[in-house]
Amino acid sequence: MRVPNSVVLPVGTHVDCCQEQEVAEKTHDIMARITAMLEERKSNLAHFINNLEGSEEPKFYVDQWERLKEMESCMLTILNLVAINCTDHCDIRKLKAIILKHVKSEELFPEAVRVLPPVYRQVEAAIVDVAQSREVADHGMMDLQYLLSKLCQREHLASLDRELLQDILRYLHRVGLIVWYEEIKHLESTVFLQPTFLITVFKLLVRHHLVQQLESIS
C-alpha cells in the first residue's frame, strides 16, 4: 500500500481442504474484505488529511500532510484471487502461468516491454556467477566497491563504472535477483547477492509470539 502503482495477486491455498462450493464462497469473501479494506484506507486517509487542513496551525503539519497525500496517491491494483492446492503440481504450474500472463501485461506493467541494453544482461549473468562462486560466503553479502572490482576483472566488463553498476543494481533489486538498500545509509555500500539469506534471517527474528517468547527467557 506504500508502493506507487502496486499490483497484488491474492493466492488462496489449501483448496484440497475445502469443498468446491466452499472455495467459491471463501474466494468471494476474501475479495470483498480486500475491497472493504481499501475503501476504509481511502476514507481514513481523507479524514486525516481534512483534519490537518482544518487545524488552527496547518503550517506546522506540512510534513505529515505531504506524507499522507503521497500515500493517498499510491494506487493499488488487486487482481482476481487464484485458489490452488499447493500439493498439486498442476496447480503450481497454473499459478506460474497466471503470474507470467499478468507480468507480461503491458497495461499492468508498462516497463515490462522495455528493451534493456546488452550490458544489463551481461552484468546480471556475471553477478549470478559471482554469487555461486566458492569465494562468496553463504550469506552472500558483498561490498559494492568490491563487487565492482570483481566484475571489472571480466574482459567484456572492464569499462563498467560505479554509476552504471548502481543503475543495473536498481533494476536487479526491482526484479528480485539481488537486494540493495541504497536508501539506508548503513547498508548503501552492501549488496546482498543471496536474498534468500535475508528471508531466513527475517523468519528467525520476525515471527508470531516473538515478544512472548523473549519475555519467557529468564
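Biologist: Is E135 buried or exposed?
Modeller: E135 is exposed, because its relative accessible area is 53% and the cut-off for exposed is over 50%, with buried under 20% and partly exposed in between (1.4 Å probe, protein chains only).

Biologist: What kind of model is this, and how are residues numbered?
Modeller: This is a predicted model, in which local features need pLDDT of at least 70 and side-chain atom pairs count only at pLDDT 80 or more, while totals for chains, interfaces and linings use all residues. Residues are numbered from 1 along each chain as its sequence is written, and side-chain values use heavy atoms, with hydrogens and water left out.

Biologist: Back to E135. Where is it in the fold?
Modeller: E135 is in the loop between α4 (118–132) and β5 (141–143). Helices (H or I, at least four residues) and strands (E, at least two) are DSSP runs, numbered from the N terminus.

Biologist: Which residues does E135 touch?
Modeller: Neighbours within four places in sequence aside, E135 is in contact with Y146 and K150, where contact means heavy atoms within 4.5 Å.

Biologist: What does the side chain of E135 do with K150?
Modeller: The two side chains make a polar contact at 2.9 Å. A polar contact is a pair of N or O atoms within 3.5 Å; within protein, one must be able to donate a hydrogen and the other to accept it, and residues adjacent in sequence count only if both atoms are side-chain atoms.

Biologist: How many salt bridges are there in the whole structure?
Modeller: Seven. A salt bridge here is a side-chain nitrogen of Lys or Arg within 4 Å of a carboxyl oxygen of Asp or Glu.

Biologist: What links the side chains of K69 and E72?
Modeller: A salt bridge, with N to O at 3.3 Å. Both residues lie in helix α2, three residues apart, which is about one turn of the helix. K69 counts as partly exposed at 32% relative accessibility, and E72 counts as partly exposed at 32%.

Biologist: And R121 with E124: how many residues apart are they in helix α4?
Modeller: They are three residues apart, so about one helical turn separates them. Their side chains meet in a salt bridge at 3.3 Å, N to O. R121 counts as exposed at 57% relative accessibility, whereas E124 counts as buried at 18%.

Biologist: What about the side chains of D129 and R154?
Modeller: They meet in a salt bridge at 2.8 Å, N to O. This pair links distant parts of the chain, 25 residues apart: D129 is in helix α4, and R154 is in the loop between α5 (144–152) and α6 (162–175). D129 is partly exposed, with a relative accessible area of 41%, and R154 counts as partly exposed at 25%.

Biologist: Which residues are linked in a network of salt bridges?
Modeller: D167, R170 and E182.

Biologist: New topic. How is the chain divided into domains?
Modeller: Domain 1 covers 7–113 and domain 2 covers 118–201, with bounds from an automatic or database domain assignment. Their centres, taken over C-alpha atoms, are 31 Å apart.

Biologist: Where does H14 lie, and what is its phi?
Modeller: H14 lies in the loop between β2 (11–12) and α1 (20–53). Its phi is near 60 degrees, a positive value in a residue other than glycine. Most residues other than glycine have a negative phi. H14 counts as exposed at 52% relative accessibility.

Biologist: Is N85 buried or exposed?
Modeller: N85 counts as buried, because its relative accessibility is 13%. N85 sits in the loop between β4 (82–83) and α3 (89–103). Leaving aside neighbours within four places in sequence, N85 is in contact with V15, D16 and D91.

Biologist: And C74: buried or exposed?
Modeller: C74 is buried, with a relative accessible area of 6%, and lies in the loop between α2 (62–72) and β3 (76–78). C74 and N5 are 69 residues apart in sequence and 5.9 Å apart in space, C-alpha to C-alpha.

Biologist: Last one. Which residues make the nonpolar surface patch?
Modeller: F202, L204, L205 and V206 make the patch, of about 440 Å². Patches are made of residues with over 30% relative accessible area and no salt bridge; like charges are joined within 9 Å, nonpolar side chains (Val, Leu, Ile, Met, Phe, Trp, Tyr) within 5 Å. Accessible areas come from the Shrake-Rupley method with a 1.4 Å probe; for residues, only the protein chains shown count as cover. L204 lies in helix α7 (residues 195–205) and counts as exposed at 57% relative accessibility.
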